[in-house]
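I opened this model to look up a few things about helices, strands and charged pairs. My entries follow in the order I made them.

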Amino acid sequence: MQESISFIFGDGMILKEDSTKQKLRGAYYTPKKAASKMVEFFKQDSSIRTILEPSCGSGVFVDTVLEQGMLKEDGMLTAIDIEADAVRKTGERAGHRANVRLLAMDFFQYYQDCKDVQRFDLIVGNPPYIRYQYLEEEQRAMMSQILTSHGMKANKLINTWVGFLVACVHLLEENGKLAFVIPAEILQVAYAEDLRLFLAKQLTRITLLTFEELIFPDIEQEVILLIGEKGGKEQGIRIIELNNLDCLDTLELCAEDFQKLNHVHEKWTKYFMSEKENRLITRLRSDRRFQKLSDTARINIGITTGNNKYFSVSKKEVEEYGMDDVVRPLIGRSSHANSVYFNKEDWKKNADSGKAAYLIDFPDIPIEEYPKKHRAYITKGEASGQHTGYKCRIRERWYRVPSIWVPDAFFLRRNNLYPKFVLNCCDAVSTDTMHRIQFYGGIEPERIVLSYYNSISFAFTEICGRSYGGGVLEILPGEAGNLVLPVLDRIPIKTVRDVLGRVDRMIRRGDHIERVLDLVDRKILVDGIGVDEEDCAAARRIWKKMQRRRLKRG
């Protein structure tokens, strides 16, 4: 491996795109308490002879294995790290024992060399979390080979911890066990869906320990402890929620409380719910009284301007540069929409208050024909480097924003309490903070928007979306398309408009959203299409449970 990657090593997490060597070294070592408990889980297992730490870094797992007497005299502990100095220091503390083998090399290379001949009873560690773009070509190729050889797709979104985890599962003995510190994004991100399916097929028992408090205080990345076991009867998955690392002191893992793990592509956040709750969700998905949002509309990301601050302008800027004839009404962010019906008066209020309520849409004519003030605004942008951003510089003319069209409605991409679903009543456009909804022919928009504001659909927003960080729920277009909504075709349109009007007024005056749900659950779900009251109540509990868990991390 080339010298330029010698600073990439394990037992640390590389979490921020910072080009300094110090940041890339990832000095975020596994807390001793976590390492001790991860090893202690297997202390009574007399079958463990061979142990691997694939990214030893500071050596905390090697130290812990030796301190707890886990290593048998006839056993072997193998520890690997790409940093020779880290390996040397770990070896000094280990006393250079004959049954402790320390290797200064890239783990991916070790795997390639030993994958057909070496197996381990226990593998523990905190694999490095390194973005794809920081890897050398040789490392990228090796990780891709690891993934594709196990039936997984390789792409530029995948971090090294995924490659480490797949390789280590392969290196386990038939009854082997594994304990890793990994990012909590394994539960939900799209790029890890192949990994989740791989683990579901390879491991008979999966335990995930999650923490309300961040266990790496210097970084904002949420991590979990994954304990995987091969062999024996398949039991499935369980998620154990803890407040902080101190809770590990009294944690005892019993042999029960697993849920059946489906061998399909799915998010694991569903396993924060009980088996009963998951049965309800499954039943609602197949209930003919419900449909997916994607059955009713096309869902696209909002307009990608390349620089929202430059292309989204205020009334003052419109007047200063004479841009009245080249701007469109804009709904730029969540705070711009405090209603269900976004009408001209709402937009005008935003514009008059100084918000960036206009989107620049320069015409497709030669720039020489642009008015002098328009060219002055473009020149101003170039002077401040606006044209050098990736999205702008790849355009034929950087100042012309593509794919501008007026949607029927907007669906908020990132939200705090809940995503807003807003009808477009003033030919507004939106940036990529909103998704654009275009209903199919024959669909009455008010029916679909009203069908979203209920406990069941809100539960599905938490299930289908993902915790983005800081307590924010993010829903991408494909995930929004999977939201389950009640079918309101048999409810008179007069009733729909009456209830939606009441919802609009409640949201405008800032009523608590649960008052809205109370109204729609009763008028539409229970009285309108005959949903059982207990199902509504159970869905409300699911929504609040999942939302509360997410917000605690905010």
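Entry 1: a helix.
I began with helix α19 and listed its buried residues: Ile 513, Glu 514, Val 516, Leu 517, Leu 519, Val 520, Asp 521, Ile 524, Leu 525, Val 526 and Ile 529. Buried means under 20% relative accessible area, exposed means over 50%, and partly exposed lies in between (1.4 Å probe, protein chains only). Helices (H or I, at least four residues) and strands (E, at least two) are DSSP runs, numbered from the N terminus. The model is predicted: local features need pLDDT of at least 70, side-chain atom pairs count only at pLDDT 80 or more, and totals for chains, interfaces and linings use all residues. Residues are numbered from 1 along each chain as its sequence is written, and side-chain values use heavy atoms, with hydrogens and water left out.

I then looked up what the buried residues of α19 pack against. The partners are β9 (290–292), α15 (445–452), α16 (455–464), β22 (484–486), α18 (493–508) and α20 (533–552). Contact here means heavy atoms within 4.5 Å.

The helix α19 bends by about 35° at Asp 521. The bend is the angle between axes fitted to the seven residues ending at a residue and the seven starting there. Gly 530 follows α19, and its phi is positive, near 80°.

Entry 2: the core.
Which residues touch the most other members of the largest nonpolar core? I found Phe 107, Ile 186, Leu 199, Phe 421 and Tyr 453, in a core of 111 residues. A nonpolar core is a set of buried Ala, Val, Leu, Ile, Met, Phe, Trp, Tyr and Cys residues joined through side-chain atoms within 4.5 Å. Helix α19 (residues 513–529) gives this core its largest share, nine residues.

Leaving out residues up to four places away in sequence, Leu 199 touches Leu 165, Val 169, Ile 186, Ile 206, Leu 226 and Trp 268.

I checked strand β6 (residues 205–211) next. Seven of its seven residues are buried, so β6 is largely enclosed by the rest of the structure. One side carries Arg 205, Thr 207, Leu 209 and Phe 211, and the other carries Ile 206, Leu 208 and Thr 210.

How does β6 pair with β7, parallel or antiparallel? The sense is antiparallel, over five bridges, with β7 spanning residues 223–229. Two strands pair if DSSP finds at least two bridges between them. Thr 207 stands opposite Ile 227 in β7, and Arg 205 stands opposite Glu 229. With β8 (residues 236–242), β6 pairs in the parallel sense over seven bridges. There, Ile 206 has Ile 237 as its bridge partner.

I traced the whole sheet. It is open, has eight strands in the order β3-β2-β1-β4-β5-β7-β6-β8, and its pairing is mixed. The edge strands are β3 (100–104) and β8, each pairing on one side only.

Entry 3: salt bridges.
I counted 43 salt bridges in the structure. A salt bridge is a side-chain nitrogen of Lys or Arg within 4 Å of a carboxyl oxygen of Asp or Glu.

Lys 32 and Glu 67 form one at 2.8 Å, N to O. Lys 32 sits in helix α2 (residues 32–40) and Glu 67 in helix α3 (residues 60–67), so the pair links distant parts of the chain, 35 residues apart. Lys 32 is partly exposed at 36% relative accessible area, and Glu 67 is exposed at 57%.

Arg 93 pairs with Asp 63, with the closest N and O atoms 3.0 Å apart. Arg 93 lies in helix α4 (residues 84–94) and Asp 63 in α3, 30 residues apart. Arg 93 is partly exposed at 44%, whereas Asp 63 is buried at 16%.

Arg 466 and Glu 479 come to 2.3 Å between their closest N and O atoms. Arg 466 is in strand β20 (residues 466–469) and Glu 479 in helix α17 (residues 477–481), so the pair ties together parts 13 residues apart in sequence. Both Arg 466 and Glu 479 are buried.

Last, I noted a network of salt bridges that links Glu 514, Asp 518, Asp 521, Arg 540 and Lys 544.
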